[in-house]
Amino acid sequence: MRIVLCYPVESHHIDQIRAAAPQNAEIIAAEQENIPEQLFTADIFCGHAKVPVDWDGVIAAGRLQWIQSSAAGMDHCLVPSVIASDMPVTSASAVLADQVAEHTIALLTAWCRSLPVYFRAQQIRQFIRRPTRDLTRSTVGIVGFGGVGRRLAEMLRPFKTRTVTTDLFPADQPGTVEALWPADRLDQLLSQSDFVVLCLPLNEMTRGIINGAKLDLMQSHALLANMARGPLVVTDELVDRLEKGRIAGAVMDVTDPEPLPVDSRLWDLPNVIITPHVGGQSSWRIDNMTKLFCENLRRWQAGRPLINFLTDKHLGFPVRGAGYPLWTDVVDSI
């Protein structure tokens with residue numbers, strides 16, 4: 001058996017994987033530039049290919065038996081041939097929820113307290129008070145209520161926000177939110193929220209979901225936060241609404257395209273904060289990813305249900321209540 005890894009593991013992570021893997025397993029820590037070739041000889045793949053991969057060829061070769069993504073977003077591997085195959089695919093959904101939710105709070109509070117304005121003023125030694133906004137007791141709408149959305153709702157509680165959410169599978173509403181609506185009530189969420197936070201996966205249903213028409217439903221004082229995937233938002237239409245003052249601002253850890261071109265008008269807008277897709281970074285991110293993979297390796301060998309198993313690969317995320325455990329269900333017990 002050949003297990004190919006493509007995420008930044010260290011030697012002690014490989015030792016952990018070796019201890020969980022079958023005795024005859026060969027474990028390869030591949031670099032991004034080598035992954036397209038290595039996948040053709042892999043039985044199991046754990047990682048995130050950030051370079052072009054001939055997934056059609058890999059599926060046709062018939063050797064690869066299972067994909068464990070090291071990312072929550074699955075657009076890097078869920079091409080039509082992978083979706084149509086019988087091969088199991090598992091995601092890293094919620095493994096990075098703490099970090100992304102924390103980064104979201106940082107961006108929201110930085111925007112509310114006008115920190116970028118004050119940082120720029122500091123550079124020219126200018127000591128002038130300027131208006132700020134309040135996150136506390138505001139209405140926050142979370143679009144997509146998976147691992148990140150649920151963790152964000154927990155972190156918002158000390159701010160005493162009114163938190164409303166939408167999700168394709170609105171099940172198990174926690175006490176941290178006032179409402180968990182089905183996805184078709186997105187317009188209602190947009191019109192009511194002071195802050196709209198995108199925590200959606202990128203798939204054929206969500207690409208471009210926030211376009212000019214949706215932005216026009218938001219209140220003029222509202223902020224859009226994209227913490228998920230850049231193509232959820234139609235960039236040109238967002239820029240247009242920001243320049244016209246149709247919405248108050250945007251914070252984003254992801255953009256479309258990514259990286260954002262140096263000539264993008266987004267860079268110059270004073271009501272925008274951009275970070276370079278670092279929401280999931282953490283000193284123990286790789287430790288948790290390895291923990292998930294090792295547990296799933298043991299489950300895979302024993303024929304037990306896999307954590308974060310995609311019951312419908314078209315969706316690109318594990319469905320709560322679909323009969324398979326989620327990371328948040330088991331993390332404290334493994």
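Student: Between which two strands is the loop that holds D263?
Tutor: This is a predicted model, in which local features need pLDDT of at least 70 and side-chain atom pairs count only at pLDDT 80 or more, while totals for chains, interfaces and linings use all residues. Residues are numbered from 1 along each chain as its sequence is written, and side-chain values use heavy atoms, with hydrogens and water left out. Helices (H or I, at least four residues) and strands (E, at least two) are DSSP runs, numbered from the N terminus. The loop with D263 lies between strand 11 (249-252) and strand 12 (272-274).

Student: Is D263 buried or exposed?
Tutor: Buried means under 20% relative accessible area, exposed over 50%, and partly exposed in between, with a 1.4 Å probe and protein chains only. D263 has a relative accessible area of 66%, so D263 is exposed.

Student: How far apart in space are D263 and A20, C-alpha to C-alpha?
Tutor: Along the sequence, D263 and A20 are 243 residues apart. In space, their C-alpha atoms are apart by 48 Å.

Student: Why does L198 count as buried?
Tutor: L198 has its place in strand 9 (residues 195-198). Contact means heavy atoms within 4.5 Å, and L198 touches residues including V143, I210 and L224. L198 counts as buried because its relative accessibility is 0%.

Student: The side chain of Q99 has a polar contact with which residue?
Tutor: Q99 lies in helix 5 (residues 97-112) and, at 8% relative accessibility, counts as buried. Not counting residues up to four places away in sequence, Q99 touches G279, G280, Q281, S282 and W284. A polar contact is a pair of N or O atoms within 3.5 Å; within protein, one must be able to donate a hydrogen and the other to accept it, and residues adjacent in sequence count only if both atoms are side-chain atoms. At 3.3 Å, the side chain of Q99 has such a contact with that of S282.

Student: Which members of the largest nonpolar core touch the most other members?
Tutor: A nonpolar core is a set of buried Ala, Val, Leu, Ile, Met, Phe, Trp, Tyr and Cys residues joined through side-chain atoms within 4.5 Å. The largest has 56 residues, and those touching the most other members are I3, L5, F293 and L297.

Student: What kind of aromatic pair do F45 and W55 form?
Tutor: Rings of Phe, Tyr and Trp (its six-membered ring) pair if their centres lie within 6.5 Å; planes under 30 degrees apart count as stacked, over 60 as edge-to-face and the rest as tilted. The search of the whole structure finds six aromatic pairs. For F45 and W55, the centres are 6.3 Å apart and the angle between the planes is 55°, so the pair is tilted.

Student: How much space lies in the largest cavity?
Tutor: On a 1 Å grid over the protein atoms alone, a cavity is a set of points where a 1.4 Å probe fits but cannot get out, and lining residues have an atom within 4 Å of a point. Grid points are joined across faces, edges and corners, and a volume is the space filled by probe spheres set on the points. Residues lining the largest cavity include N226, G230 and V233. The space in the largest cavity is about 60 Å³.

Technical notes:
1 Å grid on protein atoms, 1.4 Å probe; cavity = no way out; pocket = protein on both sides within 12 Å on 5 of 7 lines; lining within 4 Å.
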